[in-house]
Amino acid sequence: MQLPAEAVATAVLLEVVRISELPTKRGAPYPGRAGAHWIGSEAADALALIESLPASEQHRCGFSPGWSIRAYADPLDLALFEAAFCFSCHEVRMHGTAVPPALATQYFDAGAPQAHALLALFREAAP
């Protein structure tokens, strides 16, 4: 999977969100509760894991994401990007100031070991 390279290079904080519903408008943050805040090597490892997700074909489920991450260059700024993950349809939707249109929608192999590891990290972070 491809993340916005400049945003990954400047991200210092990742916020893990357990999504409760879809946003009411496109580009708005996904509603939910933050379960964890990762910094330093923990954030870098999570971003590397996400980037290692192998590509996949789209599966149909209607896009019902359970988790998202928000990447920040400074904890008090707006998010550089948010990526919402649906492990049913294998889709990731990203938005934010650092996300070019070509990266906004991607598909990952939810059965891959990397995806299982990412889901385990999300579950550990659950509020």
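The sulfur of Cys-89 lies 3.5 Å from the closest cysteine sulfur, that of Cys-86, which is too far for a bond. A disulfide is a covalent bond between the sulfur atoms of two cysteines, and to count as one here the pair must be within 2.5 Å. A search of the whole structure accordingly turns up zero disulfides. Keep in mind as you look around that this is a predicted model.

Where do these two cysteines sit, buried or exposed? Both residues are buried, as their relative accessible areas show.

| Residue | Relative accessible area | State |
|---|---|---|
| Cys-86 | 0% | buried |
| Cys-89 | 1% | buried |

Now step back to the whole chain. Three helices and six strands make it up, and starting at the N terminus they follow the order α-β-β-α-β-β-β-β-α.

How does the radius of gyration fit a compact globule? For 127 residues, such a globule would have a value near 14 Å, and the chain has 13 Å, so the two agree. Along its principal axes, the C-alpha trace spans about 35 × 30 × 30 Å.

Inside the fold, buried residues account for 45% of the 127 residues. Of the contacts between residues at least 6 apart in sequence, 59% link residues at least 24 apart.

Notes. Residues are numbered from 1 along each chain as its sequence is written. This is a predicted model: local features need pLDDT of at least 70, side-chain atom pairs count only at pLDDT 80 or more; totals for chains, interfaces and linings use all residues. Side-chain values use heavy atoms; hydrogens and water are left out. Helices (H or I, at least four residues) and strands (E, at least two) are DSSP runs, numbered from the N terminus. The radius of gyration is taken over C-alpha atoms; the globule rule is 2.2 Å times the number of residues to the power 0.38. Buried means under 20% relative accessible area, exposed over 50%, partly exposed in between (1.4 Å probe, protein chains only). Contact means heavy atoms within 4.5 Å.
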